[in-house]
Amino acid sequence: MVRLIQIGNAQGIQIPKHLIKKAKLTNVMIELILTQNGLLLKPIAHKKLR
C-alpha cells in the first residue's frame, strides 16, 4: 500500500523497490493509463532511459 505525498505543486507516490523490480519498471519510461478501476502503470519498452 502507498499513499499520495506532496512533491512541490504536484502529488506522487513512492513505489516499494521490490515491486519496481517485479514489474520491470527500472530505468524505463512509464505510461499511465486511466482505467475504470484506477491507474495502470505500464513500461514503454522501446524508450529506455540511461
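Here are a few worked exercises on this chain, which is a predicted model.

**Exercise 1. Work out the layout of the chain: how many helices and strands are there, and in what order do the elements run?**

Solution. Start with the count: the chain has one helix and four strands. Helix 1 covers 17–22, strand 3 covers 28–35 and strand 4 covers 38–48.

**Exercise 2. Describe the chain as a whole: what does the C-alpha trace span, and what percentage of the residues is buried?**

Solution. First the dimensions: along its principal axes, the C-alpha trace spans about 30 × 25 × 20 Å. Then burial: of the 50 residues, 8% count as buried, the cut-off being under 20% relative accessible area. Finish with the contacts. Take those with a separation of 6 or more; residues 24 or more positions apart account for 2% of them.

**Exercise 3. Find the nonpolar surface patch: which residues make it, and which strand gives the largest share?**

Solution. List the members first: Ile30, Leu32, Leu34, Leu39 and Leu41 together make a patch of about 510 Å². Now sort them by element. Strand 3 and strand 4 each supply at least two residues. The largest share, three residues, comes from strand 3.

**Exercise 4. Take Leu41: where does it sit, and why can it be called partly exposed?**

Solution. Locate it first: Leu41 belongs to strand 4. Then check its accessibility, which is 32% in relative terms. Partly exposed is the class between the buried limit, under 20%, and the exposed limit, over 50%. Leu41 is therefore partly exposed at 32%. One more step ties this to the patch: members need over 30% relative accessible area, and Leu41 is one of the residues in the patch.

**Exercise 5. Look at the backbone of Lys24 and Asn27: what is phi in each residue, and where do they lie?**

Solution. Begin with Lys24. Its phi is near 55 degrees, a positive value in a residue other than glycine. Asn27 also has a positive phi, near 55 degrees, and again this is a residue other than glycine. Now place them on the chain: Lys24 is in the loop between helix 1 and strand 3, and Asn27 lies in the loop between helix 1 and strand 3 too. Last, the accessibility of Lys24: its relative accessible area is 65%, so Lys24 is exposed.

Definitions and conventions. Residues are numbered from 1 along each chain as its sequence is written. This is a predicted model: local features need pLDDT of at least 70, side-chain atom pairs count only at pLDDT 80 or more; totals for chains, interfaces and linings use all residues. Side-chain values use heavy atoms; hydrogens and water are left out. Buried means under 20% relative accessible area, exposed over 50%, partly exposed in between (1.4 Å probe, protein chains only). Contact means heavy atoms within 4.5 Å. Patches are made of residues with over 30% relative accessible area and no salt bridge: like charges are joined within 9 Å, nonpolar side chains (Val, Leu, Ile, Met, Phe, Trp, Tyr) within 5 Å. Accessible areas come from the Shrake-Rupley method with a 1.4 Å probe; for residues, only the protein chains shown count as cover. A salt bridge is a side-chain nitrogen of Lys or Arg within 4 Å of a carboxyl oxygen of Asp or Glu.
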